[in-house]
Amino acid sequence: PSDAPDKWETFVAYNKRDVEVELQIKERLSSHPVPEFVWREYWNDQRINDRGIQIDLPMVRQAIRLDALSQQHLTDALQELTNLDNPRSVQQMKDWLASQGMEMDSLGKKVVAEALRTAPEPLRTVLTLRQQLAMSAVKKYTAMENAVCADGRLRGMFRFYGANRSGRFSGTIVQLQNLFRNSLPDLIQARSLVSRGDYTALEALYESVPEVLAQCVRTAFIPAPGYKMIVADFSAIECRVLAWLAGEQWVLDVFEAGGDIYCETAGRMFHCKVEKHGINGDLRQKGKQATLSCGYGGAEGALIAMGALDAGMKEEELAPLVSAWRTANPNIVQMWWAVDRAVKTAVKEKTITRTHGLTFEYRGAMLYITLPSGRQLSYVKPRIGENRFGGESVTYMGMDTTKHWSRIESFAGKWVENIVQAVSRDILCYAMEQLRNYRIVAHVHDECIVECPPDTTVQEICTLMGSVPPWAPGLILRADGYECTGGFYMKD
């Protein structure tokens with residue numbers, strides 16, 4: 001205070017104003033109390049965050065060192081091929097490619113992957129090396145090293161209510177929601193080489209050292225001494241929840257019988273028997289693409305975004321595929337429009353509407369959607385607007401994809417998507433409550449990672465996780481699991 005009295009007074013005034021604003025926020029929120037069961041979910045989340053997850057710190061440090069070696073080798077190789085001062089520079093690389101007759105607007109992963117299909121040498125080699133140089137997996141290793149606690153555990157990686165609309169969890173510090181999927185057939189060997197820091201062997205045995213390091217990221221998570229890891233996740237959770245809410249009974253019957261939903265969907269779409277690796281087995285992929293893409297009102301664009309063309313489908317067959325899926329799932333289609341009508345009526349008439357076990361209420365310049373669990377989704381200042389096609393739609397205020405507070409347009413499929421994902425989140429929270437006597441150390445999407453004593457079985461974890469909440473009668477749930485036999489976290 002004595003060094004700069006004027007600045008100190010400004011600082012004090014700022015803090016006073018900050019407290020005044022916080023008190024006003026508290027007063028505004030007092031009419032929107034957090035339900036007791038949501039507080040219990042929050043406490044459970046805090047226990048998981050405080051417990052943390054063990055990492056193999058020596059392996060992490062070796063991975064960081066190996067990445068530095070790899071980056072230097074890749075940079076040297078690219079400089080030799082291109083004579084560029086800085087091959088990392090996007091603009092320098094684009095200029096060099098243009099000088100070689102290859103104009104590229106972007107060096108994004110998908111764009112480069114597409115260009116590699118037809119690129120001649122040496123452009124193909126340059127693009128391949130550039131793609132390896134741009135891999136960012138090492139950032140997760142660095143984040144682990146920076147954030148690890150004195151006891152070798154990472155803590156505080158999960159944000160409660162991280163997703164604005166559905167209330168799902170999100171990640172922070174070391175983002176677990178987008179880990180590379182390990183597909184190396186010899187993952188244990190690759191991880192052993194990384195742990196030993198054997199760059200020579202990695203370079204000799206694998207095409208890309210950065211790719212190996214990326215695939216080993218999740219293996220840096222290990223159980224504490226004397227424990228093992230069991231991973232359990234829900235099978236096709238959103239598909240099950242959507243069918244349950246919509247009353248699409250044939251889908252629930254398939255799940256209850258333990259059938260293959262993609263084969264059954266394809267069979268209904270194409271009016272024939274479809275068996276995986278059997279009769280009409282080629283149609284299963286179309287059933288899968290349609291199931292994953294069309295549940296929230298998606299059409300040809302959704303199929304393309306989900307990789308339908310990459311899977312070998314032709315663009316002209318996408319529209320009939322969408323039509324066939326909708327014909328096979330009439331109750332889901334009806335739910336889209338029923339929810340859309342309920343939302344519009346609630347906002348227009350400032351009233352309460354109900355459909356499909358959901359309640360929609362306009363109150364105090366807010367739209368509330370009450371879920372089967374009793375939790376409410378909240379939409380700020382909803383109003384009737386016009387969509388880009390000239391039709392009627394409901395808009396509301398919220399954080400957009402660019403993290404700015406703005407007016408957001410919604411539509412039938414998007415309302416249903418929010419609801420299904422929110423219900424799926426509530427089911428995960430219920431499962432974590434059932435597993436409260438076990439050591440959950442992490443959760444990713446619909447998956448729980450549990451640190452267990454050696455005598456714990458996969459079956460007991462899956463049985464508890466697959467328990468149907470009392471507010472979801474008729475829902476068919478199943479949790480599948482496996483033990484991480486390598487002594488580290490990995491995909492089965």
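Mentor: A definition comes first: contact means heavy atoms within 4.5 Å. This is a predicted model, in which local features need pLDDT of at least 70, side-chain atom pairs count only at pLDDT 80 or more, and totals for chains, interfaces and linings use all residues. Residues are numbered from 1 along each chain as its sequence is written, and side-chain values use heavy atoms, with hydrogens and water left out.

Trainee: With which residues is Y489 in contact, leaving aside its neighbours within four places in sequence?

Mentor: Y489 is in contact with L179, R218, T219, F221, M229, V231, V444, E447, I449, Y482 and C484.

Trainee: And which residues touch the most other members of the largest nonpolar core?

Mentor: Y141, F221 and Y489 do, in a core of 127 residues. Helix α18 (residues 412-434) gives the most to this core, with 12 residues. A nonpolar core is a set of buried Ala, Val, Leu, Ile, Met, Phe, Trp, Tyr and Cys residues joined through side-chain atoms within 4.5 Å. Buried means under 20% relative accessible area, exposed over 50%, and partly exposed in between (1.4 Å probe, protein chains only). Helices (H or I, at least four residues) and strands (E, at least two) are DSSP runs, numbered from the N terminus.

Trainee: Which residues does the second, separate core include?

Mentor: That core has 18 residues, among them W96, L107, A119 and V126. In soluble globular proteins, nonpolar side chains tend to be buried together.

Trainee: Turning to aromatics, how many pairs does a search of the whole structure find?

Mentor: The search finds 10 aromatic pairs. Rings of Phe, Tyr and Trp (its six-membered ring) pair if their centres lie within 6.5 Å; planes under 30 degrees apart count as stacked, over 60 as edge-to-face and the rest as tilted. W325 and W336 are stacked, at 6.3 Å centre to centre with 10° between the planes. W325 lies in helix α16 (residues 318-328) and W336 in helix α17 (residues 330-349), so this pair ties together parts that are 11 residues apart in sequence.

Trainee: Is W325 buried or exposed? And W336, buried or exposed?

Mentor: W325 is buried because its relative accessible area is 4%. W336 is also buried, with 2%. The rings of Y379 and W415 have centres 5.0 Å apart and planes at 75°, so that pair is edge-to-face. It links Y379 in strand β10 (residues 376-386) to W415 in helix α18, 36 residues apart. Y379 counts as buried at 0% relative accessibility, as does W415 at 1%.

Trainee: Which residues do ring pairs link into a cluster?

Mentor: The cluster holds W39, Y42, F160, Y161 and F169.

Trainee: Now the backbone: which peptide bond is cis?

Mentor: The bond from E121 to P122 is cis, with omega near 5°. P122 is found in the loop between α5 (109-116) and α6 (123-133). Most residues other than glycine have a negative phi, and most peptide bonds are trans.

Trainee: What is phi of A236, and what is it for K403?

Mentor: A236 has a positive phi near 50° and lies in the loop between β6 (228-234) and α11 (237-246). A236 is partly exposed, with a relative accessible area of 29%. K403 has a positive phi of about 70°, in the loop between β11 (392-399) and β12 (405-409). K403 is exposed because its relative accessible area is 65%.
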